[in-house]
Amino acid sequence: MSEPENKTKNVNASNNANSTDDPLASHHTPANISDRIAFRLTKMLRFCADTFFAKRYGHRAVILETVAGVPGMVAGMLRHMRSLRRMEDDNGWIRTLLDEAENERMHLMTFIEIAKPSWFERLLILLAQGFFFSGFLLLYIISAKTAHRLVGYFEEEAVYSYSCYLQEVDSGALDNIPAPQVAIDYWQLPADARLRDVIIVVRADEAGHRDVNHDFANQLANN
């Protein structure tokens, strides 16, 4: 298996939503039963998120980024143990997956500063993380390919959600507030960066995770 490109932080904050490199342009068409299961599950969870959060994109990000930080850590842990058992190199997968988990955690740290989750949302975070961690762990053990495909589809939806968030900011429906200091430090944004700049770099991160996980699934399918 070839070493995947690490695409988590190489993002220029000056990118804009009208770039010809459209982050929404990429979609993996389901090719088999496991792809279709992953795709349908993603759409079901997307429906639940849309129903509960509507256009409260900052609060949606807090909950979803808590879950999004799970796959990279679970997959990285399992592949780490596999590498130890087999006493063989993993070709860069472990580092990429752990970097992904850390990147998603920083998304969460950023949107906590923006959305200020309530006690009820914090309770949802605990429940969602517990259920998803257990479920994803089991899925990865059963079928790592399906697990990576699921994450790829999750990230497709994340890119779409952040694009909608960006549109709300650009239209004036949501205030383009100053970027939290944690985001300025992590992405090395200008000192006067705003929410719009944060959404753009986070969306680019998610597009990178989407491509990496679909590539992982493709490599596993070809083995």
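Modeller: A crossing of two helices is called left-handed if the near helix is turned anticlockwise from the far one by less than a right angle, and right-handed if clockwise. The model above is predicted, so local features need pLDDT of at least 70 and side-chain atom pairs pLDDT 80 or more, while totals for chains, interfaces and linings use all residues. Residues are numbered from 1 along each chain as its sequence is written, and side-chain values use heavy atoms, without hydrogens and water.

Colleague: Which hand does the crossing of α5 and α7 have?

Modeller: The crossing of α5 and α7 is left-handed. Helices here are DSSP runs (H or I, at least four residues), numbered from the N terminus.

Colleague: How is such a pair of helices described?

Modeller: Two packed helices are described by the angle between their axes and the distance between the axes. Axes are lines fitted to C-alpha atoms over the stretch in contact, with angles from 0 to 180 degrees between N-to-C directions. For α5 and α7, the axes come within 8 Å and cross at roughly 160°. The two helices are therefore roughly antiparallel, a term for angles over 145 degrees.

Colleague: Is H214 buried or exposed?

Modeller: Buried means under 20% relative accessible area and exposed over 50%, with partly exposed in between (1.4 Å probe, protein chains only). H214, in helix α7, counts as buried because its relative accessibility is 7%.

Colleague: Which residues is H214 in contact with?

Modeller: Contact means heavy atoms within 4.5 Å. Leaving aside neighbours within four places in sequence, H214 is in contact with H28, R149, G152, Y153 and E156.

Methods:
Angles under 35 degrees count as roughly parallel, over 145 as roughly antiparallel, 65 to 115 as roughly perpendicular and the rest as oblique.
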